[in-house]
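Hi there,

Here is the structure I promised to pass on. My notes follow just below it.

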Amino acid sequence: MSSSPQEQNQNQEQNQEPNQEPNQEQTEERKTGETEKGNEQKEEKAEEKKEEKKEHNEKKKEEESWQDCIYNRRTGEFLGRTAGSWGLILLFYLVFYGFLAGMFTLTMWVMLQTLDENVPRYQDRVANPGLVIRPHAAEISFNRSDPANYNQYIQQLHNLLEHYNDSLQERNDLCLVGEYTEQDDEQVKKVCQFKRSTLQQCSGLPDSSFGYAEGKPCIIVKMNRVIGLKPGGDPYINCTAKRDSPLQMQYFPFEGRLDKMFFPYYGKNGHSDYVQPLVAVKLLLTKEDYNVEQTVECKVEGSDMRNDDERDKFLGRVTFRVKVSE
């Protein structure tokens, strides 16, 4: 049987209704998905803003905490302390270091009261003096026919003996020969005369070249100053040449004596004008001695002063070399 037109229309409408329902559901799902995506994006943006704000706040807090370390405006603290706290700590250290300074000053004052400004408290290490020579040279070498060769040597001798000029020494005291000049209780120490003319041929007065022009040079020997030294016996300087045959020499003063009247020495402050006794040695070289190096050793002898210590070559003795050429 054939169906009527109405039935056919009803069937078509029924077939279309199921197709329409899925389309609506898809549309709603899309809308929901888009809404969810939008919400997620909003949430992400909100979270990013929160993180940025958090970072900003942290940076701000760090800046504020760094500034607060130096000066805190809320509490008025500077470097972690209030003005009152700084005042107390400064007062404490002022009193503390003031006390230490006072103790140090008191200790130094007490120690200085035990010292003598003229005499060292301990001087046992320099009980025996050394010897030195002028000209100041370990090797004296020159050509006697050329003054330029030895001018430096005679100039040193003139400079040394300027302080021993007779005109200056006459202002000093005449002391007892062979006796110590002890003046421990004297405020002003007297100075014994040692005139330049005492050195005679080696004084530079009769011969301004000190014998260098004639090839017979003068060497001046002096003993280092030691405060309070009183050499025993009768000290004198003795020089010997280290060779097979003896070398002829002349001594000024006679026999190279170091008179006791120049001892003891009371130091630079108490004995400021003190003059040391000198001994001049004139080497009487012959033509056979020219162009040959002569080694000479001078020692302090005739007293209790040491002159044989192998550890100290200058204790009580001195060695030098002389070479004269024509």
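Predicted model: local features only at pLDDT ≥ 70, side-chain atom pairs only at ≥ 80, totals over all residues.

Leaving aside neighbours within four places in sequence, which residues is S209 in contact with? They are Y150 and I154, where contact means heavy atoms within 4.5 Å.

Before the rest, some ground rules. Residues are numbered from 1 along each chain as its sequence is written, and side-chain values use heavy atoms, with hydrogens and water left out.

Back to S209: this residue sits in the loop between helix 4 (166-169) and strand 5; helices (H or I, at least four residues) and strands (E, at least two) are DSSP runs, numbered from the N terminus. S209 counts as buried because its relative accessibility is 9%, the cut-off being under 20% relative accessible area, with exposed over 50% and partly exposed in between (1.4 Å probe, protein chains only).

There is also an open sheet of 4 strands, in the order 3-5-8-7, with antiparallel pairing; two strands pair if DSSP finds at least two bridges between them. Its edge strands, strand 3 (131-134) and strand 7 (249-252), each pair on one side only. Strands 7 and 8 are joined over 4 bridges, and M249 faces L283 in strand 8.

As for confidence, the protein averages a pLDDT of 84, with the lowest mean, 62, in helix 1 (residues 5-70).

Best wishes

Notes: pLDDT = per-residue confidence, 0-100.
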